[in-house]
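This report describes one predicted protein model, from single residues to the overall fold. The sequence and the structure are shown first.

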Amino acid sequence: MGPGENRSERLLVLKMKIPLVCIAGALLMFADSVFAIEKRAVIIDADPGQDDAIALLFALGSNQLDILGITTVAGNVPLDLTSKNARIILDWSNRKGIPVYAGAQKPLVRDLVTAEDVHGKTGLDGVTLHEPPGKLAPGHAVDFIIRTLRQNPPGTITIGLLGPATNLALAMTKAPDIKSRIKEIVMMGGGRFYPGNITPVAEFNVYVDPDAANIVFQSGVPIVVLPLDVTHTALTTPDRVQKLRDIGNLNGDRIADILTSYSRHDMEKFGLEGGPLHDPCVIGYLLNPSLFDGKQVNVMVETKSDLTLGQTVVDWNAVTDRKPNALWITKVKADEFYALLTDTLSQLP
Ligand code: BDR
Ligand code: CA
């Protein structure tokens, strides 16, 4: 084979490679745009709160969520603290450009009940806190929710609810048109098989603002509920906490410290083997719903009785003719959930 033939072969190979490179490039661009389309646009409403903090970091560490804003509500601690904590958490994540809006200072019609006994005076006991550099976005959380839902195509925005449902109920009451624009509400709240953590039959988020939860359940919007039934099966164990610490980044350490303080309370109070990761289940569901299992049921909230205020009345056996209004989650693949949490948190500083 002469030198000329070699050259023409090389040219031929080169000619074949160029289209291949172009095709690969085009495929990559296509994959990029597909992934961009698959990002779920979400507003996260929270009352941070130790498990809220882990949930927010879980969401902020993922590239699958387009977080349009974080809205805060009074719950675990008063609004000034939940709003400050949300900004601290955002700063920990080093994510820029996500606004934090402060919302309701108290439930719709009742006095605020807080949970410093669980989350500590600051709401984020267990770690050192700093003055967050980011300011609150101007305006009220409720107006941000309404505006964002109206400005975006219907059926594109998910609401992740990690605290009492006050902000969302206020938004639905002020602007009923937004209900048909919400893609889905994924919320932590309630309990049926594990009925209560604040009263014998009520879970904290629903108990704090049962009237708001009732408005949300009656709204007709598709709802997914992560109740105590499932969150109490997603327990922190020493091994799981160690894996979070072993990530070796600042946030892994912080979360392990928060969980050590947080788990102690639930282990002592409820005789559990670890702390239940309530709010992170919402983010786990948003990132990988196939880890969870549940059933479509009708849910109503008790708003009148002193004895059973805030109870979620779940028609599990369809003994009424009330139409299902929520997907009630009862199972999670806990090991896979913790693996996803650990992996996602490793993307943070
Ligand atoms: C819920 O109540 C709060 O204390 C937690 O943050 C969680 O949202 C659990 O009942
Ligand atoms: Ca919460």
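## Threonine 260 and helix α11

Apart from neighbours within four places in sequence, threonine 260 is in contact with Gly126 and Val241; two residues are in contact if their C-beta atoms, placed from the backbone, lie within 7 Å. Threonine 260 belongs to helix α11, residues 250-270. Helices (H or I, at least four residues) and strands (E, at least two) are DSSP runs, numbered from the N terminus.

Threonine 260 counts as partly exposed because 15 other C-beta atoms lie within 10 Å. A residue is buried if 20 or more other C-beta atoms lie within 10 Å of its own, exposed if 12 or fewer, and partly exposed in between, with C-beta atoms placed from the backbone. Glycine 274 is 14 residues from threonine 260 in sequence, and their C-alpha atoms are 9.4 Å apart.

## Basis of the model

The model is predicted: local features need pLDDT of at least 70 and side-chain atom pairs count only at pLDDT 80 or more, whereas totals for chains, interfaces and linings use all residues. Residues are numbered from 1 along each chain as its sequence is written, while chains are lettered from A and ligands numbered from 1 in the order in which they are written.

## Overall composition

The chain contains 13 helices and ten strands. Of its 349 residues, 47% count as buried. Among contacts in the chain with a separation of 6 or more, 82% are between residues 24 or more positions apart.

## The eight-stranded sheet

Eight strands form an open sheet in the order β3-β2-β1-β4-β5-β6-β10-β7, with mixed pairing. Two strands pair if DSSP finds at least two bridges between them. The edges are taken by β3 (100-102) and β7 (292-297); each has a single partner strand, so one side of each is left without a neighbour in the sheet. Neighbouring strands are turned against each other by 25 degrees on average, direction ignored. Axes are lines fitted to C-alpha atoms, for helices over the stretch in contact, and angles run from 0 to 180 degrees between N-to-C directions.

Strands β1 and β2 pair in the parallel sense over seven bridges. Isoleucine 44 stands opposite isoleucine 70 in β2, and alanine 46 has threonine 72 of β2 as its bridge partner. Five of the seven residues of β1 are buried, so β1 is largely enclosed by the rest of the structure.

Helix α12 (residues 280-287) lies across β1, β2, β4, β5 (182-188), β6 (223-226), β7 and β10 (326-332), and runs at about 145 degrees to β5. Isoleucine 283 is part of α12 and is buried, with 30 other C-beta atoms within 10 Å. Beyond neighbours within four places in sequence, isoleucine 283 is in contact with Ala55, Phe58, Ala59 and Gly160. Glycine 160 is 123 residues away from isoleucine 283 in sequence, yet the C-alpha distance is 7.7 Å.

Seven of the nine residues of helix α6 (residues 166-174) are buried, so α6 is largely enclosed by the rest of the structure. These are Thr166, Asn167, Leu168, Ala169, Leu170, Ala171 and Met172. They pack against β1 (40-46), β2 (65-72), α5 (141-151), β4 (157-161) and α8 (210-217).

## The largest nonpolar core

A nonpolar core is a set of buried Ala, Val, Leu, Ile, Met, Phe, Trp, Tyr and Cys residues joined through C-beta atoms within 7 Å. The largest has 98 residues, of which Leu56, Leu57, Val225 and Val282 touch the most other members. Helix α2 gives the most to this core, with eight residues. Leaving aside neighbours within four places in sequence, leucine 57 is in contact with Ile89, Trp92, Ser93, Asn251, Ile255, Leu345 and Leu348.

Ligand 1 is surrounded by 15 residues, the closest being Gly49, Asp51, Ala115, Phe204 and His278; a residue is near a molecule if its C-beta atom, placed from the backbone, lies within 6 Å of it. The elements giving two or more residues to this shell are α2 (50-61) and α7 (204-208). By class, the shell has five nonpolar, six polar and four charged residues; Ala, Val, Leu, Ile, Met, Phe, Trp, Tyr, Cys and Pro count as nonpolar, Asp, Glu, Lys and Arg as charged, and the others, Gly among them, as polar.

Tyrosine 207 is placed in α7 and counts as buried because it has 26 C-beta neighbours inside 10 Å. Outside four places in sequence, tyrosine 207 is in contact with Val113, Ile198, Thr199, Ala202, Leu309 and Gly310. Valine 301 is 94 residues from tyrosine 207 in sequence and 9.3 Å away, C-alpha to C-alpha.
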